[in-house]
Amino acid sequence: MPRFYVPAPIIENDLLKIGGNEARHIRRVLRLKTGDEIIVFDGLGKEYEGVIDEEGSFSVVIKVHNISASGKESPLEVTLAQSLLKGEKMDTLIQKATELGVKEILPFLSSRSVPLLGKSARLKRHRRWERIAIEASKQCGRGVVPKIEPLRDYSEMLQTSSSGSLRLILWEKEGAKLKKVLERSIEKTKIFFIIGPEGGFSQEEVEEAKKTGFTTVSLGKRILRAETASLCFLSILQYDRGDLG
Ligand code: SAM
């Protein structure tokens, strides 16, 4: 059944009105008609099943017959702190991490990251990443859209992590074996992990993370591309103690 994203939907007498891009998509792209069944999700975990009741020029009204919790979220709350990647790599990473059930993505700039221009470029990129997360959630059937945080500096990013989380920084030069780290922290359901830029972390950055409470972790002897490391780590987490497989 096609799915549409409506944040904070308002329902009156079982009727839910959809406007904007989603209405245009229903009418002009998918050419759905009165009587067709659709699902609306609010991005926070609720889904509304219904049939198209009325089609206007700029809106579509749905008669809702079932409201439920999405039920497709992982028991893990995973935050991926990702050093900004070049070009479209960041877009692809956000899409794939959403499919793999990440709760939050926190892009940051470190000493060897590709720099991003001024305020308006950052804002534009942030909006684009949010749209990608929404589209990926729609496509994979998630009811919760991962939160995409605005771009931060490295130290600022470290400070957003909470001491209740399992805090890991992935470093190819040194670190505990992931298997061992996961065995030792079986009770933790909140995980905050950091992946460096293509140029890697500096020694000082790793030291700063350790002082903040992060543990260095290795994914083995081969050096993975940053996006491979993120998706590989997320897949292992979701398989080991999340909802993958
Ligand atoms: N510039 C570094 C080098 O050539 O030595 C490699 C950086 S790597 C392409 C990008 C990021 O992926 C790293 O900062 C790290 O967070 C993660 N990463 C890649 N391979 C890893 C491994 N074997 N263990 C842990 N982290 C890894």
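Between domain 1 and domain 2 of this predicted model, nine residue pairs are in polar contact, both partners at pLDDT 80 or more. The tour below follows that interface.

**Elements on the domain 1 side.** Select β1 (3-5) and α1 (20-29): each of these contributes at least two residues to the side of domain 1 that touches domain 2. With three residues, β1 provides the largest share of that side. Colouring by class shows four nonpolar, three polar and four charged residues on the side of domain 1 that touches domain 2.

**The salt bridge.** Next, display the side chains of Glu-22 and Lys-138, which form a salt bridge with an N to O distance of 3.0 Å. How many salt bridges does the rule find across the interface of domain 1 and domain 2? The count is one.

**The two domains.** Now step back and colour the protein chain by its division, with domain 1 at 3-69 and domain 2 at 77-240. The contact draws eleven residues from domain 1 and eight residues from domain 2. Taken over C-alpha atoms, the centres of domain 1 and domain 2 lie 33 Å apart.

**The buried surface.** The accessible area lost when parts come together is often used to give the size of an interface. Here, domain 1 and domain 2 bury about 680 Å² between them, and carbon and sulfur atoms account for 58% of it. Which residues in domain 1 lose the most area to domain 2? Select Arg-3, Tyr-5 and Phe-41, which together make up 60% of what the domain 1 side buries.

Key. Residues are numbered from 1 along each chain as its sequence is written. This is a predicted model: local features need pLDDT of at least 70, side-chain atom pairs count only at pLDDT 80 or more; totals for chains, interfaces and linings use all residues. Side-chain values use heavy atoms; hydrogens and water are left out. Domain bounds come from an automatic or database domain assignment. Contact means heavy atoms within 4.5 Å. Buried area is the accessible area (1.4 Å probe) that two parts lose on being put together, summed over both. A salt bridge is a side-chain nitrogen of Lys or Arg within 4 Å of a carboxyl oxygen of Asp or Glu. A polar contact is a pair of N or O atoms within 3.5 Å; within protein, one must be able to donate a hydrogen and the other to accept it, and residues adjacent in sequence count only if both atoms are side-chain atoms. Helices (H or I, at least four residues) and strands (E, at least two) are DSSP runs, numbered from the N terminus. Ala, Val, Leu, Ile, Met, Phe, Trp, Tyr, Cys and Pro count as nonpolar, Asp, Glu, Lys and Arg as charged, and the others, Gly among them, as polar.
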